[in-house]
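Trainee: I'm new to this one. Please pick a single part and take me through it slowly.

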Amino acid sequence: MGVRFHSVTFLSGDPARDASFWGAVLGRSPRDDHGGILLPGDDTQVGLRFAVGEPHGALRNRLHLHLSRAERRQSESIAACVEYGARLRGNGHVPAGSYAAMADVVGDEFCVIEDDNAYLAGCGPLGEVTCEGTQATGLFWSRALAWPVVWDRGEEVAIQAPSGGTKLAWSGEPIEAGKPIDRQYFTVTAPSGDLEDEVARLLGLGATDPVTDRSGAMTLRDPDGVPFVVRAA
């Protein structure tokens, strides 16, 4: 049956505050999940998960979120994010027709995309998870999840579930030297009876370094060396 995308985990010095902010922004209710706090996704919107760990450092994150137009216009989304505790980065000015660069309540970067952005049209409020990383990693995840490639320009690549919704994208360039790669990671799930077979399939696609934890979940690394977790559904 393959693996299903479960969530993007953000390690944080204050995961409860993080989850409260993003739950308010996205209109999701938190629940406990394997020692973290999950804001569940659905067939078109990926889940977000927050757990205790390394706080934001001096470098920008390897991965950040893009909010796109759904029920709210860009200006309304910016205002709501500020009300919930986020801030505009830089000088606080958002040029007409451009994205807004923001930081959430623990300093993690995200963007609010302009209203008429065709690339994220129809993707829902959480339009994209955008990552530093190579084209090879994007293609690995396309095969792993059976999500088609919906953007392939130069070395940039993006994939999306067959049902649409949130895109996962990679810049096409190697991750900046010295940047933490373990602070944000994907979790996927497999039917419990298929877990070993799915791990073997992922290793065959290019994953490496399998390590099993006490719960039976497996941590592997993608072609860029970024960890991800496979666990029973």
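Mentor: Let's start with Phe140, Arg143 and Ala144 in helix H3, which meet Arg201, Leu202 and Leu205 in helix H4; contact here means heavy atoms within 4.5 Å. The model is predicted, so local features need pLDDT of at least 70 and side-chain atom pairs 80 or more, while totals for chains, interfaces and linings use all residues. Numbering starts from 1 along each chain as its sequence is written, and side-chain values use heavy atoms, leaving out hydrogens and water.

The residues of that H3–H4 contact split into four nonpolar, no polar and two charged. Nonpolar covers Ala, Val, Leu, Ile, Met, Phe, Trp, Tyr, Cys and Pro, charged covers Asp, Glu, Lys and Arg, and the others, Gly among them, are polar.

Now the geometry. H3 spans residues 135-145 and H4 residues 195-205, and their axes come within 10 Å and cross at roughly 150 degrees. Axes are lines fitted to C-alpha atoms over the stretch in contact, with angles from 0 to 180 degrees between N-to-C directions. Over 145 degrees counts as roughly antiparallel, so that's what H3 and H4 are to each other. Their crossing is right-handed, meaning the near helix is turned clockwise from the far one by less than a right angle.

For contrast, glance at strand E3, residues 36-39: Gly36 and Leu38 point one way, Ile37 and Leu39 the other, and all are buried (under 20% relative accessible area, 1.4 Å probe, protein chains only). Helices (H or I, at least four residues) and strands (E, at least two) are DSSP runs, numbered from the N terminus.

How values were computed. Buried means under 20% relative accessible area, exposed over 50%, partly exposed in between (1.4 Å probe, protein chains only). Angles under 35 degrees count as roughly parallel, over 145 as roughly antiparallel, 65 to 115 as roughly perpendicular and the rest as oblique.
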